[in-house]
Amino acid sequence: MALKLATRLLCAAVLSVVLAGGAQAEDKVVKIGVILPMSGSTASIGAHAKAALEVATDIINNAHPELDKLPLANNAGLAGLGGAKVELVIADNQGSPATGQNQALRLITEEKVVAILGAYQSGITLTSSAIAEKYGIPYLTPESVAANLTERGFKWFFRTTPIAPDFVRIYDEFLSDMKAAGAKTDTIALVHDNTEYGTSVANTITAGFKAKGRTGVIDVAYAVNATDVQAQVLQLKEKRPDVVLMISYTSDAILFAKTMQSLDYKPPMLLADDAGYSDPSFIKAVGKLSQGVFNRSSFAVGPAGSPSAVIADMYKKKSGEEMEDTVGREMQGFFVLVDAIDRAGSTDPAKIQAALKATDLKPEQLIMGYKGVKFDEKGQNVLASAYIIQLQDGENYVSVWPKGNAEKAPLMPYKGW
Amino acid sequence: MSFVLVQVIVGGLLLGAVYALFSSGLTLVWGMMNIVNFAHGDFVMLGMYVAYVVYTLMGGGPIVGAPLAVLVLATLGVVVYFGLIRDIMKGPMLAQILGTFGLALLLRYSVFWWFGADFKSLPQNIVGGTYAVAGLRLEASRLLAGIVAMLVTLGLHLLLTRTSLGSKMLAVAEDATAAQLMGIRPDTMQAIAWAIAAGATGLAGALIANFFYIVPTVGETLGIVAFVTVSLGGFGSVPGALVAGLLIGVIESLSGFLIGAVYKDIVVYILFLFFLWFRPQGLMGKM
């Protein structure tokens, strides 16, 4: 019996050595760690982001001449590293900052990744990037917006997404244009949850609006994952703001749409701050009750044949969903990171860091509506920007602002259902 | 009194009736066999998914969905009783807590695996729409849930206090050994209690699904409400759960409207702790 067991173990050992040897003989592979919520209450975002990154990996690892404007698409693999292929190592943050931190440690010490992308929720990006900083591994967040992330004086941290101060500028210009077109925009209600995202964005917008002379701001806060939002909707109904600006994750966004319909409340203008309103499951669940809602987005499909349209098509084939802002930002961040590795021509962290610092991408090299990608000394992309899109028919967002990028004219007032 | 305030109170009462409905099963199981069911919120979640599946596969509304949810969940309740509860009841308290907690995770992540993490929702018009009565707006789906909730909670109370089955169940709750000597089978009675309790959560889930979002983790949000309702009403008391549910619903809505939505939970929990300080057994619980 013992002999039999020993023989089996020996066989297994030999087999594993052979397999490991085989793996080494393969093409050179660059491992990139990705931390995402694959379980927990925001797991729908994680699943969509994973599909998007797999599409991006396909674009990098195989030749896609139809996307020749994008860096990395034309040839197979990374030219700067002798055609090496990119491999994703996806780690689940489980919606918990502590888990995110452990996963960052595992990715760096055990998986030996050359860089990390992550981690959707700002609170988790905060903890996991601290580990990368300690180990001297480049960390890029494509989507976390909390302002403090880039205020820590980190050397290895980079962010491509627009953040709250950018939102203030975008909303202010958009509201001014809408006012010029005849809409009332004097009183603005900020409806937000009490998470890091909800409060930090609401505070920045309130302060920013005040500085720009917008004084009629009403604050309507609520607890995240609410069971009931009738009280808030009735509050809005009584105060009659000209504009309602929603800063909410998916579950609350759905509840607000349903409650607004049941209490028959329609603000003249409903403007959403991305997040839950960009989740495809929001549109499926209550898009028909939210016709005419405006939303901030850095992604627009664009004309047929453009890189964004081609990629939106690939993403739809892969996931069955329409491409939207969050997964677009995810992909864009990944492209920026891999482009830097390619230019570094090496997997040495310091060389990748230097390449990231030297990044200077033009709008036509991007899939998102940024004015480019260029990092300041804090690691923030100073050229990040966004469009305003509108859910005119309740099924698909169309870009309506700024004019230069608009597919259709904005429809007013808010239609609802 | 402003009109809006009346609307707030009515909304709170309807919400509270639903809280009462999904808490009644929890209080029943506790009253019968001193088990705290941590999987309770996830039972409600399963009821919601049954309603969703009925709608997407058969195009059926709550008339098909609600009874089917009761049936599925009642069966699950019996299976859970014989497969898990009967054995862990013999163990220490910690085994009971971890046992039902483990069950909660198993159910939650099975649904995750099968249906994915996306938010689902039943169409708004599946139950009637909204009635405007003298300026008040009453959502048919909430009204239906509220009325059914009150009827079922009262029905459960009558079943326990007025029928021979109820008497047998109460006898088992009081002293299982003595009841057995009187010819009552504790196993059967406790299995029936689980069937009823789980069936009630299934019904609650199917009714809530008409106006709430559906997602595998929704049980976490609802489970907490159920625990607060049950302990305020008094563990084991079905009418207590009804009164407590209505109270919490109204307090939540009023404080959310008058003080601020972020503070409504604080108001509810302060009043709750304050109340339990003076009456730890809850509104209608026994010491």
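This is a predicted model: local features need pLDDT of at least 70, side-chain atom pairs count only at pLDDT 80 or more; totals for chains, interfaces and linings use all residues.
Entry 1: I took helix 1 (residues 3-33) of chain B and helix 5 (residues 140-162) of chain B, whose axes come within 8 Å and cross at roughly 35 degrees. I noted the crossing of helix 1 of chain B past helix 5 of chain B as left-handed. I then listed the residues that meet: helix 1 of chain B brings residues including Leu14(B), Val18(B), Leu21(B) and Leu28(B), and helix 5 of chain B brings residues including Ala149(B), Met150(B), Leu156(B) and Leu160(B). By class, I found 13 nonpolar, three polar and one charged residue in this contact of helix 1 with helix 5 of chain B.

**Entry 2: extent of the interface.** I found 35 residues of chain B in contact with 34 residues of chain A. The area buried between chain B and chain A is about 2,900 Å², with 57% of it from carbon and sulfur atoms.

**Entry 3: polar links and elements.** I recorded two salt bridges across the interface of chain B and chain A. Asp264(A) forms a salt bridge with Arg137(B), their closest N and O atoms lying 4.0 Å apart. I also recorded seven residue pairs in polar contact across the interface of chain B and chain A. Among the elements giving two or more residues to the chain B side are helix 1, helix 4 (93-115) and strand 2 (136-139) of chain B. Helix 1 of chain B gives the most to that side, with six residues. I counted the side of chain B that touches chain A as 17 nonpolar, 11 polar and seven charged residues.

Note on methods. Residues are numbered from 1 along each chain as its sequence is written. Chains are lettered from A and ligands numbered from 1 in the order in which they are written. Side-chain values use heavy atoms; hydrogens and water are left out. Axes are lines fitted to C-alpha atoms, for helices over the stretch in contact, and angles run from 0 to 180 degrees between N-to-C directions. Helices (H or I, at least four residues) and strands (E, at least two) are DSSP runs, numbered from the N terminus. A crossing is left-handed if the near helix is turned anticlockwise from the far one by less than a right angle, and right-handed if clockwise. Contact means heavy atoms within 4.5 Å. Ala, Val, Leu, Ile, Met, Phe, Trp, Tyr, Cys and Pro count as nonpolar, Asp, Glu, Lys and Arg as charged, and the others, Gly among them, as polar. Buried area is the accessible area (1.4 Å probe) that two parts lose on being put together, summed over both. A salt bridge is a side-chain nitrogen of Lys or Arg within 4 Å of a carboxyl oxygen of Asp or Glu. A polar contact is a pair of N or O atoms within 3.5 Å; within protein, one must be able to donate a hydrogen and the other to accept it, and residues adjacent in sequence count only if both atoms are side-chain atoms.
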